[in-house]
Amino acid sequence: MCGIVGYIGKKSPLPLVVQSLRHLEYRGYDSAGVAFLDANNELSIFKSTGKLINLENILPVEIGASIPVQPLQTKPAASGGVAVAEKPPEQDIPKIAIGHIRWATHGAPNETNAHPHVGGKREIALVHNGIIENYFELRKQLQEQGHVFVSETDTECVVQLLEHIAASEQDNFITVIREALKRLQGAYALSIINKNEPDKLYAVRHQAPLIIGVGTGETEGEFIVASDAVAIVQHTDRLIYLKDNEIAELSPQGIKLFNLEGEPVKPIIEQVSIGPLQIDKKGYKHFMLKEIYEQPDVVRNSLSGRLIASNEPIRLFGRDEDALSGKNQETLDLLTSVRRILVIGCGTSFNAGLVGKYLIEELVQVPVEVESAGEFRYRNPVLDDQTLVITVSQSGETADTLAALRMSAEKGAKILAITNREDSTIAREADAILPVRAGVEVSVCATKSFTAQILVMYLLAIAMAESKKSYHPEQLEHLKSELFKIPALIEAALSKTEPLQALAKKYGDARDILFIARGINFPVALEGALKLKEISYIHAEGYSGSELKHGPIAMLDKNLPVISVLVAGQVFEKMISNCQEAKARDAQMVGISSVDITQKPELAKTFDDLMTIPETHELLSPLITTVPLQLLAYYIAEHLGKDVDQPRNLAKSVTVE
Ligand code: M6R
């Protein structure tokens with residue numbers, strides 16, 4: 001999704017801004033741009049479509065691989081991309097700049113719609129993440145007042161509005177911003193420069209993340225604004241997480257923070273330990289493949305300190321659980337007394353929540369509902385202080401999940417966040433956090449984070465069952481001893497790539513593919529279909545095997561592959577029957593099974609292709625069955641030559657509704 005970087009300080013800002021934008025690239029975008037004040041104090045703006053490299057090619061300075069400390073050399077004009085300003089001469093190296101990568105929401109991904117946007121007088125420029133919901137009315141009003149719009153974006157109305165208010169407002173620019181914000185509806189993170197205040201960079205946040213990096217020592221008086229800490233932490237570990245409706249004025253003299261009423265707010269600087277983002281494929285062709293292969297270590301890492309021994313209780317919050325205080329202790333207490341659980345997430349995180357439902361209801365006998373955050377937030381759900389709301393989010397910034405969290409908190413529910421980003425807004429606003437410890441996930445297509453999320457669900461369910469004494473202790477002990485074996489079983493599943501590559505070739509040109517499973521693997525079928533459609537653009541759907549006969553079976557013919565996930569246990573025979581029903585309609589049946597069906601000729605004839613995967617306890621099986629479906633989606637997308645890591649139209653972190 002869109003990414004913001006802004007800089008004010010003594011360094012050459014363009015390389016710094018563009019290099020920092022590179023850390024946000026993995027999130028998905030379709031155009032990029034920068035704005036800066038040149039030595040004549042004029043706004044210069046460069047934009048291009050496509051990847052950041054297109055922008056780099058038209059900039060007046062070399063961007064380089066790392067931040068240069070010496071003054072920059074200008075380089076000859078490059079071709080490609082569209083510059084919308086004259087290049088400044090060498091001595092015009094600016095000290096203040098803003099940059100943006102755009103994921104189009106309003107208007108096509110072209111240079112005109114790319115950010116930064118500038119007002120008609122070319123005095124103010126800004127970059128924006130989020131959506132201005134009342135942009136249409138604002139645009140109309142401003143047009144009636146004589147402002148000429150050049151883009152189709154919602155963002156342009158913000159900069160035109162600022163310029164409009166600034167024209168009549170004799171007060172300072174903070175007042176102008178405050179007045180403008182009062183007229184905006186929707187979500188926005190903004191970084192703004194104003195040629196009339198050349199030593200100031202402004203940052204504003206409302207329901208979209210924005211963070212300020214604060215220079216120290218030699219870099220005192222330097223500030224970096226970004227929509228994600230990963231774009232800042234290679235420069236400083238001192239961060240200010242802006243709160244909603246806070247306005248920051250950054251200058252070499254320091255930071256001033258204001259609320260919407262113009263009252264000063266004390267900035268809280270936090271020292272963080274987030275490492276710089278490692279954008280390294282480590283020899284793999286794609287990040288997705290690398291991340292799939294990281295899963296055994298992700299599981300080991302996530303179990304570490306939490307699963308000590310099969311005869312010891314799970315320590316949800318790690319080895320130091322005895323010393324728990326405050327919110328985490330309250331959450332642990334609530335886990336024992338809770339009467340109802342609501343799991344909320346989107347996409348893959350929603351599917352992880354569904355696995356959690358099967359588990360918690362089985363082990364803990366507490367009712368669990370799972371709901372898409374985007375639907376939940378527009379209902380009037382019944383919640384109270386005996387309801388635990390679990391928000392599941394890899395990024396911790398998904399707009400719908402965050403809104404659902406806030407609504408739940410307002411209604412008195414306690415919030416437990418299962419997230420991969422402990423520094424995210426969702427993590428910061430939850431009552432307690434269970435980090436999934438998957439490490440940074442670069443590929444837009446979530447893989448290792450799903451496995452890590454469901455692993456945390458297992459730990460949570462077992463911990464709850466232990467504290468509530470709701471399940472047979474020897475069964476819990478057995479589950480825990482089986483959990484220890486999961487990393488090796490995932491490794492075994494990962495070693496079986498040939499059959500999956502063959503399946504990818506055989507079925508990769510299909511128009512539609514169905515995924516079926518039952519019981520706790522039903523969410524795995526949903527997730528398998530989501531992976532496939534996301535990166536291959538093949539239409540895919542996940543169903544419970546039992547649902548086929550209620551509609552989807554009408555689609556079956558010899559051109560429709562049906563990928564079925566079968567594991568030994570309660571629903572194996574049921575799944576076999578469902579597969580036979582599908583085979584009777586000529587569907588091309590692929591069986592991915594923990595039971596070696598090749599050894600059962602009477603069953604084997606149901607399937608056109610069979611693949612055996614490692615067996616584990618039925619309840620734990622999603623940790624294994626997920627793996628071949630991830631690999632299958634990957635190999636099909638690769639077979640089709642798709643952009644695996646940055647599929648079209650998608651973004652890693654969906655910070656707009
Ligand atoms: O960061 P989140 O887990 O909240 O993101 C939710 C979805 O946007 C995400 O899972 C999406 O479905 C993935 N691209 C799936 O691979």
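Visitor: What makes strand 19 and strand 20 a pair?

Guide: In this predicted model, strand 19 (residues 387-393) and strand 20 (residues 414-419) are joined over six bridges in the parallel sense. Two strands pair if there are at least two bridges between them, so these strands qualify. Within the pair, Val389 stands opposite Ile415 in strand 20.

Visitor: Why are strand 18 and strand 21 said to stand at the edges?

Guide: The open sheet has five strands in the order 18-17-19-20-21, with parallel pairing. Strand 18 (368-372) and strand 21 (432-435) each have a single partner strand, so one side of each lacks a neighbour in the sheet.

Visitor: Why is the pair of Phe173 and Tyr202 called edge-to-face?

Guide: The ring centres of Phe173 and Tyr202 are 5.0 Å apart and the planes stand at 70°. Centres within 6.5 Å make a pair, and planes over 60 degrees apart count as edge-to-face, so the name applies. Phe173 is in helix 5 and Tyr202 in strand 9, 29 residues apart.

Visitor: How do you know whether Phe173 is buried or exposed?

Guide: Buried means under 20% relative accessible area. Phe173 has 3%, so Phe173 is buried. Tyr202 has 0%, so Tyr202 is buried as well.

Visitor: What makes Tyr284 and Tyr293 a stacked pair?

Guide: Their ring centres lie 5.7 Å apart and their planes are at 25°. Planes under 30 degrees apart count as stacked, so this pair is stacked.

Visitor: How do you know that the charged end of Arg428 sits over the ring of Tyr241?

Guide: The charged end of Arg428 is placed over that ring, 3.5 Å from the centre. The distance cut-off is 6 Å.

Terms used: Residues are numbered from 1 along each chain as its sequence is written. This is a predicted model: local features need pLDDT of at least 70, side-chain atom pairs count only at pLDDT 80 or more; totals for chains, interfaces and linings use all residues. Side-chain values use heavy atoms; hydrogens and water are left out. Helices (H or I, at least four residues) and strands (E, at least two) are DSSP runs, numbered from the N terminus. Rings of Phe, Tyr and Trp (its six-membered ring) pair if their centres lie within 6.5 Å; planes under 30 degrees apart count as stacked, over 60 as edge-to-face and the rest as tilted. Buried means under 20% relative accessible area, exposed over 50%, partly exposed in between (1.4 Å probe, protein chains only). A charge sits over a ring if NZ of Lys or CZ of Arg is within 6 Å of the ring centre and within 35 degrees of the ring normal.
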